[in-house]
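Subject: A structure for you to look at

Hello,

Here is the structure I promised to pass on. Please open it first, and then read my notes below.

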Amino acid sequence: MGDGKGSTLVHLLVVVLCLVAFGFAIAAERRRSIGTLHKDETSNATYCIYSSDVATGYAVGAFLFLLSGETLLMGVTKCMCFGRPLAPGGNRAWTIIYFVSSWATFLVAEACLVAGAKKNAYHTKYRDIIYAHDFSCETLRKGVFIAGAVFVVVTMILNVYFYMYFTKATAQAAKKANRASSTVGMAGYA
């Protein structure tokens, strides 16, 4: 990390975790619950029968993988608040911009995934209305998990750029500190 490139392992792990989260979000969208309205002939009540609820599990998996990628990156960079200082200049400015942007997109992605998982898990079970003309089964709108997946990819890209500029800014600060301290000579007198 001394030359400002950053750890390839960190780059790789963040990208892989985000891509797995993206895959789970896409799988959740494709496997959303679908409800069909049925009428019980004996009691004359209407109720909904839902397809598989596996999309909720996929959305939670996407949530956890994205969270682990963000946690890894923030742990390595010490959330930009602790550790070595950043050198003033363009790299520090880009680091701050990418840091704030990646957190914003991360929060939106996580909100889409959690809200989608919650709404997908909610099912209207039974209705005691005899004449339910406008009754429909509650289902998740199309595109909620897709929106989460798009924000997962944007978060991944911003995280990669954040880490790249973070390592450049910390390497510049270390070089400036070494150069400044090398001019102070404290030689012993003989």
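Which side-chain oxygen reaches to the backbone nitrogen of Leu9 at the start of H1? That oxygen belongs to Ser7, and it comes within 3.3 Å of the nitrogen.

Before going further, please note that this is a predicted model, in which local features need pLDDT of at least 70 and side-chain atom pairs count only at pLDDT 80 or more, while totals for chains, interfaces and linings use all residues. Residues are numbered from 1 along each chain as its sequence is written, and side-chain values use heavy atoms, with hydrogens and water left out.

Helix H1

H1 covers residues 8-30; helices here are DSSP runs of H or I with at least four residues, strands are runs of E with at least two, and both are numbered from the N terminus. With its 23 residues, H1 reaches 33 Å from first C-alpha to last, close to the expected 33 Å (1.5 Å times one less than the number of residues). Among its buried residues are Val10, Leu17, Cys18 and Glu29; buried means under 20% relative accessible area, exposed over 50% and partly exposed in between, using a 1.4 Å probe and protein chains only.

Aromatic rings

The structure holds nine aromatic pairs. Rings of Phe, Tyr and Trp (its six-membered ring) pair if their centres lie within 6.5 Å; planes under 30 degrees apart are stacked, over 60 edge-to-face, and the rest tilted. Phe24 and Tyr58 form a tilted pair, because their centres are 5.9 Å apart and their planes stand at 35 degrees. This pair links distant parts of the chain, with Phe24 in H1 and Tyr58 in helix H2, 34 residues apart. Phe24 is partly exposed at 26%, and Tyr58 is partly exposed at 27%.

Elsewhere, ring pairs join Trp94, Tyr98, Tyr161 and Tyr165 into a cluster. Lys168 lies over the face of Tyr165, 5.2 Å from the ring centre (a charge sits over a ring if NZ of Lys or CZ of Arg is within 6 Å of the centre and within 35 degrees of the ring normal).

Thr56

Thr56 lies in H2, residues 54-76, and is buried because its relative accessibility is 15%. Its side chain makes a polar contact of 3.0 Å with that of Asn120 (N or O atoms within 3.5 Å; within protein, one must be able to donate a hydrogen and the other to accept it, and residues adjacent in sequence count only if both atoms are side-chain atoms).

Best wishes
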